[in-house]
Amino acid sequence: MESGLGIHIKTLIVDDNPADSALLTRYLADSQVGSIEAMAVATGDEALESIKGGDPDVVFLDYLLGGETGIDVMRRLKQAGSRAAFILLTGMGGERAAVEALREGAHDYITKYELNQEILDHAILHVADLKTAEQERARLNTAIEQAAEMIIITDADGIIQYVNPAFEKITGYSRNDIIGQNPRIMKSGYHDKAFYDEMWRTILSGGTWRSRFINKKKDGTLYEEDATISPVFGREGEIANFVAVKRDITHEATLIKAKEYFTSITSHELRTPLTMLGLVRIFLNSLDDEIPAKDKVGQIRTVLDESCARLERIATATALLSEMSLTSPKDPKENALLYFELISSVQMAGHMIEKDQRRLSLGLEMAGLPKEIRVRGEGVMIRKVIDELISNAIKYTPDSKKITVRSFMRGDWAIVEITDEGIGLPAGKVTEIFEPYFSLEDARHHSSGRYKYLGGGIGLGLTIARMITEHYGGTINIDSSGENRGTKVTLAYPLSAGQ
């Protein structure tokens with residue numbers, strides 16, 4: 001069926017009065033609306049049999065059909081799968097029958113004593129327009145259901161009424177979980193009240209809100225989304241619904257930050273000519289303990305340490321950018337054996353504690369972590385996360401105190417806890433650290449003292465750790481009761497496929 005003039009419509013007449021059927025057939029043949037194909041039957045059973053050869057576009061139903069009504073036949077045809085438009089022909093039933101038919105899903109009605117060519121053509125055009133609108137709605141629904149973007153529809157109070165399959169796939173919430181809920185169920189805690197107040201002011205005034213959110217999936221994983229929220233107005237101009245279209249940009253946002261980090265670090269570090277490193281090493285090798293100018297030797301050693309630290313940061317930035325650019329977070333080139341990565345990191349940290357003459361206790365507890373468990377992610381990158389976090393714990397823990405690295409399973413996740421008895425974090429600092437993609441380390445103020453007490457800032461370690469962890473679908477959380485009360489960092493990594 002096509003709307004407008006020139007349409008072709010296949011019709012079925014269900015009427016047990018031959019005279020009425022003949023009159024209607026003649027009107028359909030003379031219609032100026034378009035090409036109309038008509039078929040007439042006398043009973044509901046014949047109507048059911050006829051649709052087996054193809055569903056008509058329009059079914060004309062007499063109200064009284066022997067032992068049943070036209071409304072009864074309409075119900076039977078719908079149950080059989082007919083998607084036709086139904087027009088009730090009322091004679092004896094009158095307006096009451098017409099109202100009942102419309103409630104049951106009829107598209108229109110015609111009283112027999114008013115039937116003429118003009119009224120019939122008007123009814124045909126009306127049904128054609130309705131069918132076209134239905135087809136457009138069906139196409140829209142299909143597009144929404146198949147869209148890669150998340151689509152959420154709420155009522156005027158913000159209560160969720162609809163979500164599409166993309167929303168279910170990305171967030172982990174099923175429709176049964178989320179319909180009837182307020183979107184605040186997904187709040188991550190990253191945005192303050194002013195952020196949401198501004199959003200509501202915008203959409204309640206009829207405007208469209210565009211921004212980025214850090215939200216929380218059903219399993220607690222955080223993700224970043226680009227969102228557009230618009231009001232939908234009712235017939236009286238009132239706001240009836242809100243529609244949100246959201247796109248998961250977690251990976252691309254993380255990649256942008258990795259590129260920014262790479263640019264920041266390399267642009268600063270490469271100011272120091274790398275050829276100087278070879279000269280400094282040769283000079284140091286020519287020295288012995290009899291040289292009196294030990295203050296100059298100390299200066300040279302400091303320069304060498306700082307230069308090596310610069311090279312290490314450049315290498316880390318390069319590896320991070322390469323890994324995040326070239327591999328899928330869900331399909332890394334390999335999956336890490338967490339048990340052995342932990343042993344390697346703790347052994348290296350213990351060696352550095354001795355080298356820097358730190359008096360710290362470093363413990364490792366892995367009774368709850370099977371050796372064969374693999375987590376999603378490259379081993380070298382996972383180890384980099386653990387190295388950075390243990391380094392932070394060492395730097396901020398005074399001598400004679402304890403650091404414990406503990407790992408265990410929690411459902412389908414491998415958990416790593418790094419707990420120290422260090423200086424902790426002041427009130428409000430934890431929130432600052434976990435702002436979305438916390439600010440990168442200031443490249444002008446590097447420190448080479450990775451294991452010395454108070455030897456450097458925490459920005460670099462946590463930035464790298466978070467980028468890598470979230471790239472592989474993991475989470476990182478930091479907890480501190482306040483200054484001088486220690487800190488606990490918790491890493492959670494999803495197991496690789498098949499584990």
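The accessible surface of this protein chain comes to about 25,800 Å², and 51% of that belongs to carbon and sulfur atoms (areas come from the Shrake-Rupley method with a 1.4 Å probe, and for residues only the protein chains shown count as cover). The model is predicted, so to speak of local features a pLDDT of at least 70 is needed, side-chain atom pairs count only at pLDDT 80 or more, and totals for chains, interfaces and linings use all residues. Residues are numbered from 1 along each chain as its sequence is written, and side-chain values use heavy atoms, leaving out hydrogens and water.

**The chain as a whole**

- The protein chain has 15 helices and 19 strands (DSSP runs numbered from the N terminus: helices are H or I with at least four residues, strands are E with at least two).
- Of its 499 residues, 45% are buried (under 20% relative accessible area with a 1.4 Å probe, protein chains only; exposed is over 50%, and partly exposed lies in between).
- Take the contacts (heavy atoms within 4.5 Å) with a separation of 6 or more: 67% of them join residues 24 or more positions apart.

**Two helices that meet**

- Two packed helices are described by the angle between their axes and the distance between the axes.
- Helix α1 (residues 18-30) packs against helix α5 (residues 117-146) at about 70 degrees, with the axes 10 Å apart (axes are lines fitted to C-alpha atoms over the stretch in contact, and angles run from 0 to 180 degrees between N-to-C directions).
- α1 and α5 are therefore roughly perpendicular to each other (a label for angles of 65 to 115 degrees).
- From α1, Leu24, Tyr27, Leu28 and Asp30 meet Gln117, Leu120 and Ile124 of α5.

**The nonpolar cores**

- The largest nonpolar core holds 37 residues, and those touching the most other members are Leu338, Leu342, Leu369, Leu389, Ile390, Ile418 and Leu491 (a core is a set of buried Ala, Val, Leu, Ile, Met, Phe, Trp, Tyr and Cys residues joined through side-chain atoms within 4.5 Å).
- Elements that each supply at least two residues of this core include α12 (338-355), β16 (402-410) and β19 (487-494).
- Helix α13 gives the largest share of this core, eight residues.
- Leaving aside residues up to four places away in sequence, Leu491 touches residues including Val385, Leu389, Val416 and Ile476.
- A second, separate core has 20 residues, among them Ile152, Ile170, Tyr173 and Ala227.

**A closer look at Ile394**

- Ile394 is found in helix α13.
- Its relative accessibility is 0%, so Ile394 counts as buried.
- Ile394 and Ile353 are 41 residues apart along the chain, and their C-alpha atoms are separated by 8.1 Å.

Key. Angles under 35 degrees count as roughly parallel, over 145 as roughly antiparallel, 65 to 115 as roughly perpendicular and the rest as oblique.
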